[in-house]
Amino acid sequence: MSVQLFQLVEQSVVPLGYELVDVELSGGIIRVFIDWPAQKESRITIEDCEQVSRQLSQVMMVEDVDYKRLEVSSPGVDRRLRKPGDFERFVGHRVNVRLRMPLGGRRHWEGELARAEGKSVNDWVLLLSEATPSGKSAKRVSAGAKARQGKKKDQQDGFAQQALKSATEAEITPEHLARPGHGHESPGATTLKDSERAESAGDLGAMNVLNFNLSEIERAHLVPQLVF
């Protein structure tokens, strides 16, 4: 998909009040994904898609764009994240990130999206915690913390925020990634451990994070959450 095509579609969609999420071009088929701005809190309807489709069809004809079919739809549960505003909108959600360059032999990383405090709008953090069967993030805790699971939830939330703050301050980047469950640290890896901080935080221990800049990722999208 060319930058020119994306810009052409964006210039046509935004004046109608919609947000352009993504544009895909494959085999002559142009797929356009739209959404309402976050502040509107509305869902895209069939009528919205038809309105955008009519507008884009006219624009494509005027601009002499060669294509076979035009499809307009909502972004779906695995919505792509492209702009800083997309990441800001979905802070706290589970996100899958594909890096441009492999890290530790892999390019795909998944975790809970968080802000990189004190950094630019292009800098973000993934909390690389394990996933529970429900799809929600599960924080890695030590045996001492498991023995005290009866503590209040608000206190646990405070511990997570404190660990995230210390992780962000440590400036862990894709070249310095905390790896759990190993008896030694591999080259370029950093484990966020502070005995005093862990003790005061209920032995929360090392929370593993991946700091990344938007320029370092090839693609990012929401991880679908199953609700029963």
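Which residues do ring pairs link into a cluster? I found that the cluster consists of Phe 87, Trp 124 and Phe 212.

**Entry 1: conventions**

I worked on a predicted model, in which local features need pLDDT of at least 70 and side-chain atom pairs count only at pLDDT 80 or more, while totals for chains, interfaces and linings use all residues. Residues are numbered from 1 along each chain as its sequence is written, and side-chain values use heavy atoms, with hydrogens and water left out.

**Entry 2: aromatic pairs**

I took rings of Phe, Tyr and Trp (its six-membered ring) as paired if their centres lie within 6.5 Å, with planes under 30 degrees apart counted as stacked, over 60 as edge-to-face and the rest as tilted. By this rule I counted 3 aromatic pairs. For Tyr 18 and Trp 36 the ring centres are 4.4 Å apart and the planes stand at 40 degrees, so I recorded the pair as tilted. The pair links distant parts of the chain, 18 residues apart: Tyr 18 lies in the loop between helix 1 (3–13) and strand 1 (19–26), and Trp 36 in the loop between strand 2 (29–35) and helix 2 (46–62). Helices (H or I, at least four residues) and strands (E, at least two) are DSSP runs, numbered from the N terminus.

I then looked up burial, where buried means under 20% relative accessible area, exposed over 50% and partly exposed in between (1.4 Å probe, protein chains only). Tyr 18 has 4% relative accessibility and therefore counts as buried. Trp 36, at 11%, is buried as well.

I treated two strands as paired if DSSP finds at least two bridges between them. An open sheet of 5 strands has the order 9-6-5-4-10, with antiparallel pairing. Strand 9 (209–213) and strand 10 (217–222) stand at the edges with a single partner strand each, so one side of each has no neighbour in the sheet. On average, neighbouring strands of this sheet are turned by 40 degrees against each other, direction ignored; the axes are lines fitted to C-alpha atoms, for helices over the stretch in contact, and angles run from 0 to 180 degrees between N-to-C directions.

I followed the pairings across the sheet.
- Strand 6 (residues 123–127) is joined to strand 9 by 5 bridges, antiparallel, and Val 125 stands opposite Asn 211.
- Strand 4 (residues 94–103) and strand 5 (residues 106–115) pair antiparallel over 6 bridges, with Asn 96 opposite Glu 110.
- The hairpin of strand 4 and strand 5 has 2 residues between them, and Gly 104 in the turn has a positive phi of about 60 degrees.
- Strand 4 is also joined to strand 10 by 5 bridges, antiparallel, and Val 95 has Leu 222 as its bridge partner.

I placed Leu 20 in strand 1; at 2% relative accessible area, Leu 20 is buried. Its C-alpha lies 8.9 Å from that of Phe 6, 14 residues away in sequence.

Strand 2 and strand 3 run parallel, joined by 5 bridges, and Ile 30 has Leu 70 as its bridge partner.
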